[in-house]
Amino acid sequence: MITVIITTYKREPGMLKRAIDSVISQTFTDWELIIVDDSPADYAFSDDVRDMVLGLKGNISYVRHERNYGANRARNTGLKLAKGEYIAYLDDDDEFMPEKLEKQLARFTNENIAMVYCGRMMVHDDTGTEETAKSVFIEGSIYDDLMRENFVGSCSFPLVRRKALEDAGGFDEGMKSCQDWDMWLTIAQKHDAAFVPEPLVRYHVHTGEHITGSITRRIQGLEGICRKHPAKSRYIRCKRLSALSEMYRENGEYMKSFMLWLRALPLQPFRLWAHIKGEKR
């Protein structure tokens, strides 16, 4: 069995129903769906969301937190209730392609593969345009490459062995962003990964609720990655410090930004100088 976990936060029922329908439409049929509602108690559509979900037929269950705890707590709540050997998370504003679960499950060809990720279709809701995202695909031991960037993507993309998630201790509930990257790095330290290169997720880009829209959360997340997964590579350390410097500058904290840039400079001086010259042009 595959357990699909949808975590939802302040979504109107129609958007959540779109995500649910994409699970119901899977060609792989041995699944259970757990919906964890992490909306605050005063959310206007909470009862509508609950009634919509409870009115659905099939192996679908609904859990509502008594208050908003955050996405990581919601993911961990779903994990604790899961019965499946494999876990597929789905953000409430995304959609699975019909063959996602079937094609990813087929790529678990040996016991050391703990997750299978995939390509994605970027859907720009404001303009109605769609495009296949340019993605990096690496399989086997991906830890060193994953330290550079999160090419696995958000929680909607991989199918993961439940035991690997449990052995990692679940998602770090103290991280405000980069929690997906943190989890994939933790798993990749001990296990291999595989991929399906075709787009199996419709990833919606819109102006609604999303973590990456908050610069303070992005800063906290990347600082957490630096702390939990320290890099030996000068290139990676420079890249992370440079990214943090730019985030702090965007947040108006110019002295902090400058001090981080000074720490990055000795690591890759020519790279940083070329970057500055490019900005001036």
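Helices here are DSSP runs of H or I with at least four residues, strands are runs of E with at least two, and both are numbered from the N terminus. Under that naming, Cys178 is found in the loop between α6 and α7. The model is a predicted one.

- All six residues of β4 (86-91) count as buried, so the strand is largely enclosed by the rest of the structure.
- Burial applies to both faces of β4: Tyr86, Ala88 and Leu90 lie on one side, and Ile87, Tyr89 and Asp91 on the other.
- Strands β1 and β4 run parallel and are joined by six bridges.
- Within this pairing, Thr3 has Ile87 of β4 as its bridge partner.
- Strand β8 (residues 159-161) runs antiparallel to β4, with three bridges between them.
- Ile87 also takes part here, its bridge partner in β8 being Val160.

**Helix α3**

- Helix α3 spans residues 71-81, and its buried residues are Asn72, Ala74, Arg75, Asn76, Thr77, Gly78 and Leu79.
- The cover over these buried residues includes the strands β1 (2-8), β2 (31-37), β3 (60-64) and β4 (86-91).
- Helices α6 (162-167) and α7 (179-188) are also among the elements that cover them.

**Helix pairs**

- Two packed helices are described by the angle between their axes and the distance between the axes.
- For α1 and α2 (residues 46-54), the axes come within 10 Å and cross at roughly 30 degrees.
- Angles under 35 degrees count as roughly parallel, and α1 and α2 are therefore roughly parallel to each other.
- The crossing of α1 past α2 is right-handed.
- From α1, the residues Pro13, Leu16, Lys17 and Ile20 meet Asp48, Val49, Met52 and Val53 from α2.
- Sorted by class, this contact of α1 with α2 has six nonpolar and two charged residues, and no polar ones.
- An α-helix has 3.6 residues a turn, so residues three or four places apart point the same way.
- For α7 and α8 (residues 215-228), the axes come within 9 Å and cross at roughly 20 degrees.
- Helices α7 and α8 are therefore roughly parallel to each other as well.
- Their crossing is right-handed.
- In the contact, Trp181, Asp182 and Leu185 of α7 meet Leu222, Ile225 and Lys228 of α8.
- The classes in the contact of α7 with α8 are four nonpolar residues, two charged residues and no polar ones.

- Lys100 is part of helix α4 (residues 100-105).
- Its relative accessibility is 0%, so Lys100 counts as buried.
- Apart from neighbours within four places in sequence, Lys100 is in contact with Gln26, Cys118, Ser156, Phe157, Pro158, Leu159, Leu200 and Val201.
- Ser154 sits in the loop between α5 and β8.
- With a relative accessible area of 11%, Ser154 is buried.
- Leaving out residues up to four places away in sequence, Ser154 touches Asp91, Asp180, Trp184 and Tyr203.
- Of these, Asp91 is one of the buried residues of β4.

**Loop residues: exposure and backbone angles**

- Lys134 belongs to the loop between β7 (129-132) and α5 (143-146).
- A relative accessible area of 88% makes Lys134 exposed.
- Lys134 and Met122 are twelve residues apart along the chain, and their C-alpha atoms are separated by 9.8 Å.
- Most residues other than glycine have a negative phi.
- Lys10 has a positive phi, near 50 degrees, and is a residue other than glycine.
- Lys10 lies in the loop between β1 and α1 (13-24).
- Its relative accessibility of 32% counts as partly exposed.
- Cys178 also has a positive phi, about 60 degrees, although it is not a glycine.

Methods. Residues numbered from 1 in each chain as written. Predicted model: local features only at pLDDT ≥ 70, side-chain atom pairs only at ≥ 80, totals over all residues. Heavy atoms only, no water. Buried < 20%, exposed > 50% of the residue type's maximum accessible area, 1.4 Å probe, protein only. Contact = heavy atoms within 4.5 Å. Pairing = 2+ DSSP bridges. Axes fitted to C-alpha atoms, helices over the stretch in contact; angles between N-to-C directions. Parallel < 35°, antiparallel > 145°, perpendicular 65-115°, else oblique. Left-handed = near helix turned anticlockwise from the far one by under 90°. Nonpolar A, V, L, I, M, F, W, Y, C, P; charged D, E, K, R; others polar.
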